[in-house]
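Here is my note on the model, point by point. Please read it with the coordinates open.

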Amino acid sequence: LIDVTRDEGSYERTYALLNIGAQTTDLSIFRPGGLLSFTRPIPAAGDNVTNAIADSLGYEFHEAERAKIEHGRVYVDRAPALAASTETRPQEPVGFTPAPPEEEEPSAGRVFDLGGEAAPPRPPSPPPTAGLPAIHAPTSGSPERQVYDAMLPTLVEMVTEVRRSIEYYTNRFPDSRVDTVIAYGGTARLGNFPEFLANEIGVKVELGDPFRRLTVDEGNVPAEMRGENGCFMPIVVGLAIRD
């Protein structure tokens, strides 16, 4: 994610790589030159978000995972829990885009969480054509709003830990301000998540795209597939190009 863009000046900046897996979220900060100088695991991760949805809406785990994929989005301009989690709110970063209207349907896509190998097996998901059961909790609003309300406290916990980690790093290395956070992993693909994170930490956030500088056989890997799944694949792409 950094080395392949070194000729574009990436080695002159400080990056935080945020890998949101199933079991843990890993934050790694690289100083200019691509030197790893700080790393920290954060316990809040994708499965925590899924479990929050399951507990709140009365779903089984695999149903909550599907609800997260199909209806998961963050309403950046309507996050009261986020506002209450910090003493001050940073100004909207450059490039900030407000959340789309609630009536819009979120884009759906497959999610590949980059969790550890020791993760316990999960129940098989129902066929893609099978509809989700009715939400069991006595809530109101659209499915997107209900899923958002269910997962917001966990997302706030996650981004608060990211903010604290970056603040700790900045205090330890005052000459190395984090310029950009590159987020990847399954939960990073939640609608508006990069804007949500950027608004909380006051740092530019972008989705990781390991295919950005690679020549890819369009016949085998169409551009649409790369666009939908790129931020799930930095590790496997990195392994593939090591030689």
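1. Start with C231. Leaving aside neighbours within four places in sequence, C231 is in contact (heavy atoms within 4.5 Å) with A183, Y184, G185, R189, L207 and G208. C231 sits in the loop between α6 (223-229) and α7 (234-240). Helices here are DSSP runs of H or I with at least four residues, strands are runs of E with at least two, and both are numbered from the N terminus. C231 is buried, at 4% relative accessible area. Buried means under 20%, exposed over 50%, and partly exposed in between, with a 1.4 Å probe and protein chains only. D209 lies 22 residues from C231 in sequence, yet their C-alpha atoms are 5.4 Å apart.

2. A word on provenance. This is a predicted model: local features need pLDDT of at least 70, side-chain atom pairs count only at pLDDT 80 or more, and totals for chains, interfaces and linings use all residues. Residues are numbered from 1 along each chain as its sequence is written, and side-chain values use heavy atoms, with hydrogens and water left out.

3. Which residues of α5 are buried? They are F193, P194, F196, L197, A198, N199, E200 and I201. That is eight of the nine residues in α5 (residues 193-201), so the helix is largely enclosed by the rest of the structure. F193 touches I20, L155, M158, V159, T187 and A188, not counting residues up to four places away in sequence. G202 follows α5 and has a positive phi, near 70 degrees.

4. Now α1 (residues 46-57). Its twelve residues reach 17 Å from first C-alpha to last. Buried here are G46, D47, V49, T50, A52, I53, A54 and L57. These residues pack against β1 (15-20), α2 (61-71) and α4 (143-172). Just after α1, G58 has a positive phi of about 75 degrees.

How values were computed. The expected span of a helix is 1.5 Å times one less than its number of residues.
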